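Dear colleague,

I am handing over the structure below, with the sequence beside it, and my notes on what was found follow directly after. Could you keep both open while you read?

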Amino acid sequence: MSMINQTIGEWKATAFVNGEFVDYSSADVAGKWAIYFFYPADFTFVCPTELGDLADHHEELKGLGVEVFSVSTDTHFTHKAWHASSDTINKITYPMLGDPTHAISRQFDVLREDEGLANRGTFLVDPDGVVQFFEITAEGIGRNAAELVRKVKAAQYVRNHPGEVCPAKWEEGEDTLAPSFDLVGKI
């Protein structure tokens with residue numbers, strides 16, 4: 001089933017963030033934009049490249065009012081150990097949620113039950129708790145945080161400009177479309 005336009009449920013987890021263990025819940029992001037960035041496991045290969053790329057774009061996402069959470073089925077203790085041992089992971093300032101019970105991974109339908117690991121899944125949730133964008137990639141395919149930022153900007157634009165949509169490759173400041181009867185067959 002598609003997660004698009006689905007409202008996420010309640011969740012709670014402990015994260016490693018800025019040298020501390022911090023408890024978070026869905027209540028902490030109510031009324032805010034949020035990205036949930038699921039990945040299979042700490043101390044792996046593609047995962048640190050993705051998380052590092054996301055860290056490089058974190059300030060820009062914060063500037064857009066977006067809360068960022070990385071999520072794996074590891075514990076917050078494992079996140080701390082990885083943070084301490086990897087220069088790439090050490091630059092992360094967003095919360096790294098531990099999901100050892102698999103509750104959050106199941107809720108977002110990214111859990112590989114037979115392995116106890118999350119798939120690579122990215123979800124953009126709007127301030128109403130509704131999924132506006134998601135993608136799931138295969139194990140060996142890394143994601144691009146710059147493209148994620150572009151999609152966040154498009155989703156925010158559409159939310160703030162009812163009746164307009166963003167065409168392919170839309171970048172902030174470019175023309176949008178206003179779907180109408182007169183536009184049918186003209187594109």
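Predicted model: local features only at pLDDT ≥ 70, side-chain atom pairs only at ≥ 80, totals over all residues.

**Aromatic rings**

A search that took in the whole structure turned up 14 aromatic pairs. In one of them, the ring centres of Phe38 and Phe108 lie 5.2 Å apart and the planes meet at 50 degrees, so this pair is classed as tilted. The two partners come from distant parts of the chain, since Phe38 belongs to strand E3 (residues 33-38), while Phe108 sits in the loop between helix H5 (103-107) and strand E6 (111-112), 70 residues apart. Phe38 and Phe108 are both buried.

Although Val110 and Phe38 are 72 residues apart in sequence, their C-alpha atoms are 7.8 Å apart in space. Leaving out residues up to four places away in sequence, Val110 touches Phe38, Ser105, Leu117, Ala118, Asn119, Gly121, Phe123 and Ile136.

A ring contact of another kind involves Phe37, where the charged end of Arg143 sits over the ring, 3.7 Å from its centre.

**The annotated cysteine**

Which residue does the UniProt annotation "active site" cover? According to that record, which is an unreviewed entry, the residue is Cys47, so please bear in mind that such annotations may be inferred rather than shown by experiment. In the model, Cys47 is part of helix H1 (residues 46-56), and it is buried, with a relative accessible area of 0%. Not counting residues up to four places away in sequence, Cys47 is in touch with Tyr39, Pro40, Ala41, Trp82 and Arg120.

Arg120 is also one of the residues touched by Ile141, the other being Glu50, when residues up to four places away in sequence are set aside. Ile141 lies in the loop between E9 and H6 and is partly exposed, with a relative accessible area of 47%. Between Ile141 and Glu50 there are 91 residues of separation in sequence, yet the C-alpha to C-alpha distance is 9.8 Å.

The largest nonpolar core consists of 23 residues, and within it Ile35, Leu51, Leu54 and Leu61 have the most contacts. At least two residues of this core are supplied by each of E3, H1, strand E4 (66-72) and helix H6 (145-160), and H6 gives the most, with five residues. Beyond its neighbours within four places in sequence, Leu54 makes contact with Phe37, Leu61, Val68, Tyr94, Ala145 and Leu148. Another core lies apart from this one and has 21 residues, including Trp11, Tyr36, Phe69 and Phe108.

Helix H6 has 16 residues and spans 22 Å from its first C-alpha to its last, close to the 22 Å expected at 1.5 Å a residue. Its buried residues are Ala145, Leu148, Val149, Arg150, Val152, Lys153, Ala154, Ala155 and Gln156, and what covers them includes E3, H1, helix H2 (58-63), E4, E8 and strand E9 (131-137).

His57 is placed in the loop between H1 and H2. Is His57 buried or exposed? At 17% relative accessibility, a value under the 20% limit, His57 counts as buried. Residues up to four places away in sequence aside, His57 touches Ala145, Ala146 and Val149.

With best wishes

Terms used. Residues numbered from 1 in each chain as written. Heavy atoms only, no water. Phe/Tyr/Trp six-rings, centres within 6.5 Å; stacked < 30°, edge-to-face > 60°. Helix = DSSP H or I, 4+ residues; strand = E, 2+ residues; numbered from the N terminus. Buried < 20%, exposed > 50% of the residue type's maximum accessible area, 1.4 Å probe, protein only. Lys NZ or Arg CZ within 6 Å of the ring centre and 35° of its normal. Contact = heavy atoms within 4.5 Å. Core = buried A, V, L, I, M, F, W, Y, C linked by side-chain atoms within 4.5 Å. Expected span 1.5 Å × (residues − 1).
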